[in-house]
Amino acid sequence: MTARPNYIRMYFRMFNDISTAIEQLESGDPWKARITLIESQRTAEDCYVRALCLRHARLNRKTYRISRRR
């Protein structure tokens, strides 16, 4: 089983954070909206990168096992 980024989780997180940022903009707090969007972007990126790193590590383990058998 390969690790894949959880796109559904990232989508809903980004959607909810964008909704929050819109509310913050409407209430007159653009800096808070900016922080919300930056944190949301970092969270989604972290989720994506972690999945890729986990997949890479699993592939390396499989390659290592195959090469040791020879």
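A: What follows is a walk along helix H1, with stops at the residues it meets in helix H2.

First, a word on what you're looking at. This is a predicted model, where local features need pLDDT of at least 70 and side-chain atom pairs count only at pLDDT 80 or more, while totals for chains, interfaces and linings use all residues. Residues are numbered from 1 along each chain as its sequence is written, and side-chain values use heavy atoms, leaving out hydrogens and water.

Now the overall layout. The protein has two helices and zero strands; these are DSSP runs numbered from the N terminus, with helices being H or I of at least four residues and strands E of at least two. Helix H1 covers residues 7–26, and helix H2 takes in residues 30–69. Of the contacts with a separation of 6 or more, 64% join residues 24 or more positions apart (contact means heavy atoms within 4.5 Å). Buried residues make up 17% of the 70 residues, where buried is under 20% relative accessible area, exposed is over 50% and partly exposed is in between, with a 1.4 Å probe and protein chains only. The protein exposes about 6100 Å², with carbon and sulfur atoms supplying 56% of that area (Shrake-Rupley method, 1.4 Å probe, with only the protein chains shown as cover for residues).

Tyrosine 7 counts as exposed because its relative accessibility is 51%, whereas tyrosine 48, at 34%, is partly exposed.

Tyr7, Tyr48, Val49 and Leu52 make a nonpolar surface patch, with about 360 Å² of accessible area together. H2 gives the most to this patch, with three residues.

Move along H1 and you come to arginine 9. It is partly exposed, at 46% relative accessibility. Arginine 9 and alanine 44 are 35 residues apart in sequence, but their C-alpha atoms are 8.5 Å apart in space.

A salt bridge here is a side-chain nitrogen of Lys or Arg within 4 Å of a carboxyl oxygen of Asp or Glu. The two residues sit four apart in H1, so about one helical turn separates them. Arginine 13 is partly exposed at 37%, while aspartate 17 is buried at 12%. The structure holds two salt bridges; in H2, arginine 50 and aspartate 46 have their closest N and O atoms 2.3 Å apart, and these residues are likewise about one helical turn from each other, being four residues apart.

Aspartate 17 leads us to threonine 36. Leaving aside neighbours within four places in sequence, threonine 36 touches Asp17, Thr20, Ala21 and Gln24. Threonine 36 is in H2 and counts as buried because its relative accessibility is 13%.

Last stop: glutamine 24, which is in H1. Is glutamine 24 buried or exposed? It is buried, with a relative accessible area of 13%. With neighbours within four places set aside, glutamine 24 is in contact with Asp29, Lys32, Ala33 and Thr36.

Note on methods
Patches are made of residues with over 30% relative accessible area and no salt bridge: like charges are joined within 9 Å, nonpolar side chains (Val, Leu, Ile, Met, Phe, Trp, Tyr) within 5 Å.
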